[in-house]
Amino acid sequence: EGPSVGAEPDLLDSEEAQLVELQSLLGTCLHLSQLLNNVLDISKVLSGTLALDHVETDLAVECVEAYNAIKYLVAPAVTFVPPEDGQLCVLGSPRHLRQGLINLLANAAKWTQEGSITVKLFPTFIRSPELPDSGRPQTVRVHFQVCDTGPGIPAAQQTQLFG
């Protein structure tokens, strides 16, 4: 369980510590606002009217932002290992991507008391046959892998969950 404002005065002794805490609180507030937007998006998904953004997005940066939103859930003995910066930039919806990553990271944090949580990216580049070959991939499919050192799921439950 992470610190909260006022709960541990020694964390707020310096202006730098206060700034870090305020930045984290701002990030949490923004995340809550995004969650409310996601609830509103559900009705758009159900009606088939959800429009996704197509914004240039650095996936490594989104992984770090997602981690920052849940870092107070992470046990002190756990380290976070993000993918390398600039490893992969794509056009996509950063808000929706971040929400998916937050869900994956929060689950890893829930079960990991010591060790590490690592995010890996595995891109698959796909050329579009209807577009002229520019030498660059037209589409990329990215597999996100979140690895943690938590206890894992017992084999008997894995078959129930994953068939």
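Predicted model: local features only at pLDDT ≥ 70, side-chain atom pairs only at ≥ 80, totals over all residues.
Residues are numbered from 1 along each chain as its sequence is written. Local features need pLDDT of at least 70, side-chain atom pairs count only at pLDDT 80 or more, and totals for chains, interfaces and linings use all residues, while side-chain values use heavy atoms, with hydrogens and water left out.

**The overall layout**

Let's start with the big picture. The chain has four helices and five strands, and along the sequence they follow the pattern α-β-α-β-β-α-β-β-α. Helices (H or I, at least four residues) and strands (E, at least two) are DSSP runs, numbered from the N terminus. Of the 163 residues, 24% are buried; buried means under 20% relative accessible area, exposed over 50%, and partly exposed in between (1.4 Å probe, protein chains only).

**The core**

A nonpolar core is a set of buried Ala, Val, Leu, Ile, Met, Phe, Trp, Tyr and Cys residues joined through side-chain atoms within 4.5 Å. The largest one here has 19 residues, and those touching the most other members are Tyr 67, Ile 70, Val 74, Phe 80, Leu 105 and Ile 117.

| Element | Residues |
|---|---|
| Helix 2 | 59-70 |
| Strand 2 | 77-81 |
| Helix 3 | 94-111 |
| Strand 4 | 114-126 |

Take Phe 80: leaving aside neighbours within four places in sequence, Phe 80 is in contact with Cys 63, Val 64, Tyr 67, Leu 105, Ile 117 and Val 119. Contact means heavy atoms within 4.5 Å.

**Two packed helices**

How do helix 2 and helix 3 pack, and at what angle? The angle is about 55°, and their axes are 8 Å apart. Axes are lines fitted to C-alpha atoms, for helices over the stretch in contact, and angles run from 0 to 180 degrees between N-to-C directions. The two helices are therefore oblique to each other, since angles under 35 degrees count as roughly parallel, over 145 as roughly antiparallel, 65 to 115 as roughly perpendicular and the rest as oblique. Residues making the contact include Cys 63, Tyr 67 and Ile 70 of helix 2, and Leu 101 and Leu 105 of helix 3.

**A loop residue**

Finally, Asp 53 sits in the loop between helix 1 (15-47) and strand 1 (55-58). Asp 53 is partly exposed, with a relative accessible area of 40%. Not counting residues up to four places away in sequence, Asp 53 touches Gly 92 and Ser 93. The C-alpha atoms of Asp 53 and Pro 94 are 7.7 Å apart, although 41 residues separate them along the chain.
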